[in-house]
Amino acid sequence: MQYSWLNGIIEGIKQSKNIDDIKSQCEAICRALEIDFYSFVIRIPSSLFSPEIITLSNYPQLWQEHYFSQEFMSLDPVIAYSQQHITPVNWSDLTNYTDFNSPKKLTVLKEAKTYGLCTGVSIPLKAPTGEMSVFSLSSTSQRCVITECQINIQLQAQVIAPYLHEAIKIINYKAKEILSHDEVKITNREEECLLWACEGKTSWEISKIIGISERTVLFHLNNVSQKVGGVNRQHSVAKALLNGLIQPKF
């Protein structure tokens with residue numbers, strides 16, 4: 001298969017203004033790859049208890065209704081795998097992983113087949129700003145053996161997935177008229193204070209380590225709290241970590 005169509009898809013994704021535009025691009029991907037279904041799920045870590053979940057899919061409507069009514073997302077082995085791995089996975093291979101092949105988890109895949117989702121491949125993504133997403137392509141075909149064609153589909157899906165992730169994230173933030181994680185900036189000194197706070201240091205200890213007054217440390221940490229919407233130091237540290245504002249040093 002020629003890959004020249006990929007450039008057009010990628011440009012289309014970049015130029016998408018809303019979720020409907022993204023869906024149109026996903027449908028074009030399915031047509032180009034001769035695949036029946038797509039799904040893109042992104043988890044935005046606005047909260048550990050209730051993160052924002054955005055789902056785009058052309059799965060059969062009856063399956064979508066059944067999936068959400070049965071709360072299958074908490075059991076879905078594809079989601080479970082994607083939370084722990086960054087490599088693509090063929091759905092038929094999930095039975096080889098002891099963490100994901102419990103009877104309850106495999107029930108999700110078995111029931112999916114009854115709605116026409118017989119085989120599939122999923123691409124997990126984890127962004128430095130805390131979001132996690134899963135791009136899946138699936139077929140009504142019963143074939144489980146990875147053919148050369150299926151490998152090509154997997155490779156192309158890996159190229160496309162990051163562009164979908166970025167586009168959906170940006171569209172979501174613009175729709176809510178809030179700053180994206182990329183637009184929330186902390187100063188070098190704020191980052192330094194936060195990193196030491198992550199190490200369990202008190203404001204007094206941080207002041208001695210980096211050579212500023214305790215009052216100045218509190219000033220910087222309060223600034224961070226305002227930027228991330230934290231109600232106290234612990235909450236601010238957690239939100240900064242969740243949103244990828246601070247990273248371990250090399």
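I started with Arg 189, which comes out as partly exposed at 31% relative accessibility. I'm working from a predicted model, so I keep in mind that local features were taken only where pLDDT is at least 70.

What does the side chain of Arg 189 meet in a salt bridge? I found Glu 192 there, at 2.9 Å from N to O. Both residues sit in helix 7, residues 188-198, and their spacing of three residues puts them about one helical turn apart. Glu 192 is partly exposed too, with 29% relative accessibility.

**Other salt bridges**

I looked up the total and got four salt bridges in the structure. Here are two more of them.

Lys 14 and Glu 11 join through their side chains, with 3.8 Å between N and O. The cut-off is 4 Å, so this pair counts. I placed the two in helix 1, residues 5-14, where three residues of spacing means about one turn of helix between them. Lys 14 is exposed, at 53% relative accessible area, while Glu 11 is partly exposed, at 38%.

Next I went to helix 6, residues 148-176, for Glu 166 and Lys 169, which are three residues apart, or about one turn. Their closest N and O atoms lie 3.7 Å from each other, and the pair forms a salt bridge. Is Lys 169 buried or exposed? I read 2% relative accessibility for Lys 169, so I wrote down buried.

**Helix 1 against helix 2**

I stayed with helix 1 and checked how it packs on helix 2, residues 19-33. The angle is about 165° and the axes are 9 Å apart. Angles over 145 degrees count as roughly antiparallel, so that is how I describe helix 1 and helix 2. I also noted that their crossing is left-handed. Which residues make the contact? From helix 1 I listed Trp 5, Gly 8, Ile 9, Gly 12 and Ile 13. On the helix 2 side I listed Ile 22, Gln 25, Ala 28, Ile 29, Ala 32 and Leu 33.

I traced an open sheet of five strands in the order 2-1-5-4-3, and the pairing is antiparallel. Which strands are at the edges? I found strand 2 (52-57) and strand 3 (89-90), each of which pairs on one side only. Strand 3 is joined to strand 4, residues 119-126, by two bridges, and these strands run antiparallel. I looked across from Val 89 and found Ser 122 of strand 4 standing opposite.

Where does Glu 34 lie? I located Glu 34 in the loop between helix 2 and strand 1 (37-44). Its phi is near 55°, a positive value in a residue that isn't glycine. Glu 34 is exposed, with a relative accessible area of 71%.

Glu 71 has a phi near 55° as well, again positive in a residue other than glycine. I found Glu 71 in the loop between helix 3 (61-69) and helix 4 (77-84). The relative accessible area of Glu 71 is 59%, so I put it down as exposed.

Terms used. Residues numbered from 1 in each chain as written. Predicted model: local features only at pLDDT ≥ 70, side-chain atom pairs only at ≥ 80, totals over all residues. Heavy atoms only, no water. Helix = DSSP H or I, 4+ residues; strand = E, 2+ residues; numbered from the N terminus. Buried < 20%, exposed > 50% of the residue type's maximum accessible area, 1.4 Å probe, protein only. Pairing = 2+ DSSP bridges. Axes fitted to C-alpha atoms, helices over the stretch in contact; angles between N-to-C directions. Parallel < 35°, antiparallel > 145°, perpendicular 65-115°, else oblique. Left-handed = near helix turned anticlockwise from the far one by under 90°. Contact = heavy atoms within 4.5 Å.
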